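Please keep the viewer open while going through the points.

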Amino acid sequence: MSDDKMDIPVSYGKLQELEDDFEEVEVELLRQQAKLSAGLYEKRAKVIADIPNFWPLVLEQSPPELDECVQPTDSAVLLNSLVGVSVERFELPAGGDPRSVAITLTFSDNEYFSNSSLTKKFWWRYAKDGWSGLVSEPVPIAWKSAEKDLTGGMLDLACRLREAERKQGKKLEDDQEPKKALLAKMEATGLGGVSFFAWFGYRGRDVSEEESKEAFKEELAKREKRKAGEDVPEDDEDDEEDDFDEYETEIFPTGDDVAICIAEDVWPNAIKYFITAMEHDALSDVDFEESDEEMEEADDEHANKKRKA
């Protein structure tokens, strides 16, 4: 980097002000998009109701953020039993944040769980330290037996831990149950072997609605100061130990990324993914037919050589 570039004065306040403006525009675009497309989603739901395996085929073409989280057994359940997906920006009717979403997966009868539908809510929250993002609550699944639990008991332990912490009003120590059992299960499983259905156990940061409201007020005040040209001190970042404590019992660390992927990619682009899946199937059929023809030609050529000999 040249000395001239090093001497350019950088105003953090001005850059952050621009970031604030971009965020406000993005949120407003989401708000308007949800409003304008609501009727289209209703129309789409009626059309695809008559298309067999629409959502399983959509998920076959899912982006890496989602596809990489699906284990082979998960894939069998999703492809054979998933009959519906829906996304609702549930805070919008009351003028809330359009980034808060409720994602519902609907299933036909299957051998693994008795739930006909599973809904997971994500709230967009602000923390006092300047962080903002999606938080959620664990959602239990009614497994038909311990052997059919695709998470190996991990989701149940995450739900029990959340309930225990709620009752005690504080986080449990590592040697207290069910936290001890959950930590042991997580260590034995490893991130690479976690079922997609553990996604229903995602929590994110523990930020209450009350803290979020207060933090958002403070954030708005900071934005007004920046627009007025006043200096606003940067938020103190949590140290690494605090970050580890926050997520040490997170059984699906990328749960918020998967939620955003479903809500902002898979859900609005479902028809595109379905058409892509159908085109791939058609190409596979052509390849299969060409292979058969090539085999027949090879057999004929072999027979001709034998006759000549």
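**Notes on the predicted model**

1. Helices H2 and H8 are oblique to each other. The reason lies in the angle: H2 (residues 12-48) and H8 (residues 209-227) pack at about 125°, and angles of 65 to 115 degrees count as roughly perpendicular, those over 145 as roughly antiparallel. Their axes are 9 Å apart.

2. Which residues make this contact? On H2 they are Gly13, Gln16, Glu17, Asp20, Asp21, Glu23 and Glu24. On H8 they are Glu219, Arg223, Arg226 and Lys227. The crossing of H2 past H8 is left-handed.

3. Bear in mind that this is a predicted model. The points above and below should be read on that basis.

4. Now the strands. E3 (residues 117-126) and E4 run antiparallel, joined by five bridges. Within the pair, Trp123 stands opposite Val135 of E4.

5. What lies between the two strands of the hairpin? Five residues separate E3 from E4 in the hairpin. Gly130 takes a positive phi there, near 100°.

6. Is E4 enclosed or open? Strand E4 covers residues 132-136, and four of its five residues are buried, so the rest of the structure largely encloses it. Buried here stands for a relative accessible area under 20%.

7. For the protein as a whole, the secondary structure comes to eleven helices and four strands. Of the 309 residues, 37% are buried.

8. How much of the contact set links residues 24 or more positions apart? Counting contacts with a separation of 6 or more, such pairs account for 68%.

9. Last, the surface. The accessible area of the protein comes to about 19,000 Å². Carbon and sulfur atoms hold 51% of that area.

Notes. Residues numbered from 1 in each chain as written. Predicted model: local features only at pLDDT ≥ 70, side-chain atom pairs only at ≥ 80, totals over all residues. Heavy atoms only, no water. Buried < 20%, exposed > 50% of the residue type's maximum accessible area, 1.4 Å probe, protein only. Contact = heavy atoms within 4.5 Å. Areas by Shrake-Rupley, 256 points an atom, 1.4 Å probe, with all protein chains shown as cover. Pairing = 2+ DSSP bridges. Axes fitted to C-alpha atoms, helices over the stretch in contact; angles between N-to-C directions. Parallel < 35°, antiparallel > 145°, perpendicular 65-115°, else oblique. Left-handed = near helix turned anticlockwise from the far one by under 90°.
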